[in-house]
Amino acid sequence: MRMPPRLSTIAARRIALAAQGFGVPRPEPWSATSRHVQRVIDTVGIVQIDSVNVVSRSHYLPFYSRLGPYDHALVDRARDRAPRRLVEYWAHEASLVPPSTWPLLDFRMRRAHDESWGGMQAVKREHPELVDAVLAEVAARGPLTSRQLEAALAHDLPRERDQWGWNWSLVKAALEHLFWSGQVSSAGRTTQFERRYAVPSRVLPPHLRDVAEQPELRPGDETAFVELIRIAARAHGVGTEQCLRDYFRLKPEQARPAIAALVESGDLVPVTIDGWRRPAYLDPSARRPRRIEARALLSPFDSLIWQRDRTSALYGFDYRLEIYTPEEKRVHGYYVLPFLLGEDLIGRVDLKADRTGGRLLARQVTWEPGRGGADDTRELHEELGLMAQWLGLADVDVALVR
C-alpha cells in the first residue's frame, strides 16, 4: 500500500497562507479595485460577519489584511448593488458568500424548523399567520429593515396587530426564521448595520433567480456537500477533516462522504503532516511556495484562524477570543488581532479605534516568545500606521507592551 505524501509543518503553513491569499503582494495603498476585492472573495470563499465595531465592522478587516488600505465602498458595492458578488447567509456563522454558494446551503434552509434558534421555531409554530404576513410584506415592499417592516405591517394590517400580541421581537423572530429558511434574503446593510430584507429573487443575480424561486432546482445534499468541501479545500490548501468541515459548519456525517468522493476523483490527496495526529488532505492545485512574505493584522473572525486547533498546529499560536471573558480574567485584551509577519503569527494587539479622539489605540501588545525585537516592533508600528490611515485616524497610541 502506497504511503501518503508527507509535508513538513512549515510547508503546510506556507500552503495554508497562500491558499488564504497571503502569498501575493498587496497592491499599493488605496489602489485596490473591485477586481482585487473579487480576488479575495474567490480566494477565501466566506467572509464572516459580526456586529462588533471596536476597530471596524469585522467583514471589512479580511479585505484590509490582504489588500492594505482600500475603499470600504468596494465591499459595500459587492454586497449591496446588483449584480451582487456577495450575499448573506449562515455559512460559517453569519457570513457573506458568493451568490453561487447560496443554493449549496439549501440543506440548512430546509432544516430551519429543527435547527434554528428557539425563538425562530416558536414564532413559526405559534404565529404562522404573522410569518406569512411578514413574507408577503417583504415580497411586496422589500428591501426593508425590520423597523420599516414593522411600520408597514402596522399600517397594512392594523386588526391583526392586536390578535398577534404585537411586538418588535415577534416580527424580528419571523424575519430571522424566514432568513434562515431561505425564503427571505438580505439586500445589504444600512449604515447602522441593519439588514435590508428582500426575497431572494430580488437579491441573487439573474442567472440564479430560477434557483431562488424553485428550491427543487437546487443541488441535492450529496452534491452540495461535495461542492462545499471543495470550496473549503481550496481555501485551506491543506487541512484535516475537522478543518474542512468547520469552514461551512458541516457535520461529520455530511463531510466524510464528500471528502471520500473528492479523494476518489483525485480532487483531494491524502497527506501526512509532521506533528499532526490526524490525517490531512491536500488540494492538488494549491500553490506550494518556498517562502511567504506577508504582513497583516488579522480580524479575530478571519478565516485564516477560525479553527483554533489548526492555528495551534500550524503556527504554534494558541488563540482565544476574550470578548466574553470578564475583564479581570483577560490575558491579552478585549479585541485582540493576531499579527502575521512573514509566515509566522508573532504577536497579539488589543486594538480600539478611538474615533472621537482620532487615535488608533493599541491598548496592549503581547509578543510571542522570542519575538518583539526592533525589526518586529518597526513592522508592527508601520502596520498600525497603515491601519490608522485606513480608518481615518490621525495617530497611533501604544499603551502597554509585553
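**Entry 1: ground rules**

I take contact to mean heavy atoms within 4.5 Å of each other. I take helices (H or I, at least four residues) and strands (E, at least two) as DSSP runs, numbered from the N terminus. I am working on a predicted model, where local features need pLDDT of at least 70 and side-chain atom pairs count only at pLDDT 80 or more, while totals for chains, interfaces and linings use all residues. Residues are numbered from 1 along each chain as its sequence is written, and side-chain values use heavy atoms, with hydrogens and water left out.

**Entry 2: helix α1 and its partners**

I looked up α1 with α13 first. Which residues meet there? From α1 I noted I15, A16 and A19; from α13, R234, A235 and H236. The two helices pack at about 115°, and their axes are 6 Å apart. Axes here are lines fitted to C-alpha atoms, for helices over the stretch in contact, and angles run from 0 to 180 degrees between N-to-C directions. So α1 is roughly perpendicular to α13. The classes are: under 35 degrees roughly parallel, over 145 roughly antiparallel, 65 to 115 roughly perpendicular, the rest oblique.

Next I took α1 (residues 9-19) with α16 (residues 308-315). Their angle is about 125° and their axes are 9 Å apart. That makes α1 oblique to α16. On the α1 side I listed T9, A12, R13, A16 and L17. On the α16 side I listed R310, A313, L314 and Y315. I sorted this contact into six nonpolar, one polar and two charged residues. My classes: Ala, Val, Leu, Ile, Met, Phe, Trp, Tyr, Cys and Pro are nonpolar, Asp, Glu, Lys and Arg are charged, and the others, Gly among them, are polar.

**Entry 3: salt bridges**

Side chains of opposite charge can pair when their charged atoms come close. I count a salt bridge when a side-chain nitrogen of Lys or Arg is within 4 Å of a carboxyl oxygen of Asp or Glu. How many are there in the whole structure? The search finds 37. I picked some to follow.

E88 pairs with R189, with the closest N and O atoms 2.6 Å apart. E88 sits in strand β3 (residues 87-90) and R189 in strand β5 (residues 185-189), so this bridge ties together parts 101 residues apart in sequence. Are the two buried or exposed? E88 is buried at 2% relative accessibility. R189 is buried too, at 13%. The cut-offs I use are buried under 20% relative accessible area, exposed over 50%, and partly exposed in between (1.4 Å probe, protein chains only).

D106 and R218 form another salt bridge, with the closest N and O atoms 2.6 Å apart. I found D106 in helix α5 (residues 106-110) and R218 in the loop between α12 (209-213) and α13 (221-236), 112 residues apart. D106 is buried at 6%, and R218 is buried at 9%.

R363 and D350 meet at 3.4 Å, N to O. R363 is in strand β13 (residues 359-367) and D350 in strand β12 (residues 344-354), so the bridge joins parts 13 residues apart in sequence. R363 is partly exposed at 31%, whereas D350 is buried at 6%. I also traced a network: salt bridges that share partners join R26, R295, D375, R378, E379, E382 and E383.

**Entry 4: helix α17**

I checked the span of α17 (residues 374-391). Its 18 residues reach 26 Å from first C-alpha to last, close to the 26 Å expected at 1.5 Å a residue. The expected span is 1.5 Å times one less than the number of residues. Among the buried residues of α17 I noted D376, E379, E383 and W390. G392 follows α17, and its phi is positive, near 75°.

Most residues other than glycine have a negative phi, and most peptide bonds are trans. I looked for exceptions. Where are the cis bonds? One joins A82 and P83, with omega about -10°. P83 is in the loop between α4 (72-80) and β3. Another joins G142 and P143, with omega about 5°. P143 is in the loop between α8 (128-141) and α9 (146-156).

Then I checked phi. F193 is not glycine, yet its phi is positive, near 70°. I placed F193 in the loop between β5 and β6 (195-198), and it is buried at 13%. R249 also has a positive phi, about 55°, without being a glycine. R249 lies in the loop between α14 (241-247) and α15 (252-264), and it is partly exposed at 35%.
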